Amino acid sequence: MAAPSPGPREVLTPSPEAGHRTAALRSSRCGLLWRLRDKQARLGLFEIGPGHELHGLTCMMQAGLWAATQAAMDHPPTGLPTQEDFSEVLTQVHEGFELGTLAGPAFARLRRSLGLAEEDYQAALGPGGPYLQFLSTSKSKASFFLSHDQRFFLKTQRRREVRVLLAHLPRYVQHLQRHPHSLLARLLGVHSLRVAQGKKKYFIIMQNVFYPAGRISERYDVKGCQVSRWVEPGPAGSAVVLVLKDLNFQDKTMELGPQRSWLLRQMELDTAFLRELNVLDYSLLLALQRLREDERGQAGSLVFRVARSVQGAQSPEAPGAQNRRLLPDGPNALHILDGPEQRYFLGLVDLVTVYGLRKRLEHLWKTLRYPGRTFSTVSPARYARRLCQWVEAHTE
């Protein structure tokens, strides 16, 4: 559709060739070992400033997102939602690149329902400060970025993953309307980026589950299985941001007190929804933060917390069926659950892997490869049940 918005406010340099590799190594085995050591040495968060191999690319993303958000502010969706909200594609041409916004009106409505001001969204994702690159222990080939204030998380996606996400988007929005306190990560935008005449790259934007991160002491990515679910912890006192996995949490529990029953019920509701979508291999992100003395108990204004807990999209569901809870007083409340001593950050992410022929064959192969052990590639029903059982076994 027409309606290109103004281009970026400055001339941007194209993304430099992604390099950062050594000259030819003597053998492919040596090359693999070098890459593993190099990745391990570079785990964590890194500012993408001038000279970084991704600086040009992220500058384009920032300028493009600034203009895309401005277009949403200039032409906000009005009236009742329509099917066209989920199929619209807006392409904005800039100096040296073009940025596409997919299902823009649907995501604008979703951001509004979350109480997220477009001006704040634009300021965080635009050129106001450098993005941060997150290098993790994930096997995924995706690239991960954070906005400069770490409030928003950006992740590259394959084209087929984007197709799955957009196909499920109407039901995803409906689920959040029925269950406003869902643990599903809040998706805020889907975009494509084409540099010059190159191939389109896709990325999504979502709220960062681990925000604010200043006092977080431990982070985990949980799938409820054993195979490839251990990460070597960093040295004591290390400042490296490391995301651990299931086996690292094996002998620990979340002490939630009266909040436990809410969490178990919400896990059932959310995983049942994901089972209906026929998806698997999603993760429960979990982080821990020690509560200060003034944060324990019912700190903060009770009136404010009640008002926050009932705001959001209207739903025909009764409050009990919605499984609402009293949200904490602070940012990112939907992903925060306070126990007696600890604050827990929780969210379900990576919702785009469908249990099709490829995953069914992978399941058969892993059954032979790992007899008697649990792995991630199982049917959506079994995956959902097993993750709920993991949460039940690791909470008190």
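Me: Ser 376: buried or exposed?
Reply: Ser 376 counts as buried, because its relative accessibility is 13%; buried means under 20% relative accessible area, exposed means over 50%, and partly exposed lies in between, with a 1.4 Å probe and protein chains only. This is a predicted model, in which local features need pLDDT of at least 70, side-chain atom pairs count only at pLDDT 80 or more, and totals for chains, interfaces and linings use all residues. Residues are numbered from 1 along each chain as its sequence is written, and side-chain values use heavy atoms, with hydrogens and water left out.

Me: Where does Ser 376 lie?
Reply: Ser 376 is in the loop between α10 (357–369) and α11 (380–393), where helices (H or I, at least four residues) and strands (E, at least two) are DSSP runs numbered from the N terminus.

Me: And which residues does Ser 376 touch?
Reply: Not counting residues up to four places away in sequence, Ser 376 touches Lys 223, Cys 225, Leu 280, Asp 281, Lys 366, Tyr 383 and Arg 386, where contact means heavy atoms within 4.5 Å. With Asp 281, the side chain of Ser 376 also makes a polar contact of 3.2 Å. A polar contact is a pair of N or O atoms within 3.5 Å; within protein, one must be able to donate a hydrogen and the other to accept it, and residues adjacent in sequence count only if both atoms are side-chain atoms.

Me: OK, switching to strands. How many residues of β8 are buried?
Reply: In strand β8 (residues 201–207), six of the seven residues are buried, so that the strand is mostly covered.

Me: Which strands does β8 have bridges to?
Reply: Strand β6 (residues 152–157) runs antiparallel to β8 and is joined to it by six bridges, and strand β7 (residues 187–195) is likewise antiparallel to β8, with six bridges; two strands pair if DSSP finds at least two bridges between them.

Me: What do β7 and β8 form, and what about the turn?
Reply: They form a hairpin with five residues between them. Ala 196 is in that turn and has a positive phi of about 50°, a positive value in a residue other than glycine.

Me: What is the phi of Asn 323, and where is that residue?
Reply: Asn 323 also has a positive value in a residue other than glycine, with phi near 60°, and its place is in the loop between α9 (319–322) and β13. Asn 323 counts as buried, since its relative accessibility is 11%.

Me: What kind of peptide bond joins Tyr 211 and Pro 212?
Reply: A cis peptide bond joins Tyr 211 and Pro 212, with omega at about -5°, and Pro 212 lies in the loop between β8 and β9.

Me: How many salt bridges does the structure hold?
Reply: The structure holds 20 salt bridges, a salt bridge being a side-chain nitrogen of Lys or Arg within 4 Å of a carboxyl oxygen of Asp or Glu. One of them joins the side chains of Glu 295 and Arg 215 at 3.0 Å, N to O. Glu 295 lies in the loop between β12 (283–290) and α8 (302–310) and Arg 215 in the loop between β8 and β9 (218–222), so the pair ties together parts that are 80 residues apart in sequence.

Me: Which residues are joined with them into one network?
Reply: Arg 292 forms a salt bridge with Asp 294, the closest N and O atoms being 3.6 Å apart, and salt bridges that share partners join Arg 215, Arg 292, Asp 294 and Glu 295 into one network. Within it, Arg 292 is partly exposed at 44% relative accessible area, and Asp 294 is exposed at 55%.

Me: Last topic, Leu 99: where is it, and buried or exposed?
Reply: Leu 99 is found in strand β3 (residues 97–102) and counts as buried, because its relative accessibility is 0%. Leaving aside neighbours within four places in sequence, its contacts include Gly 64, Leu 90, His 191 and Phe 203. The C-alpha atoms of Leu 99 and Tyr 202 are separated by 9.6 Å, while the two residues are 103 residues apart along the chain.
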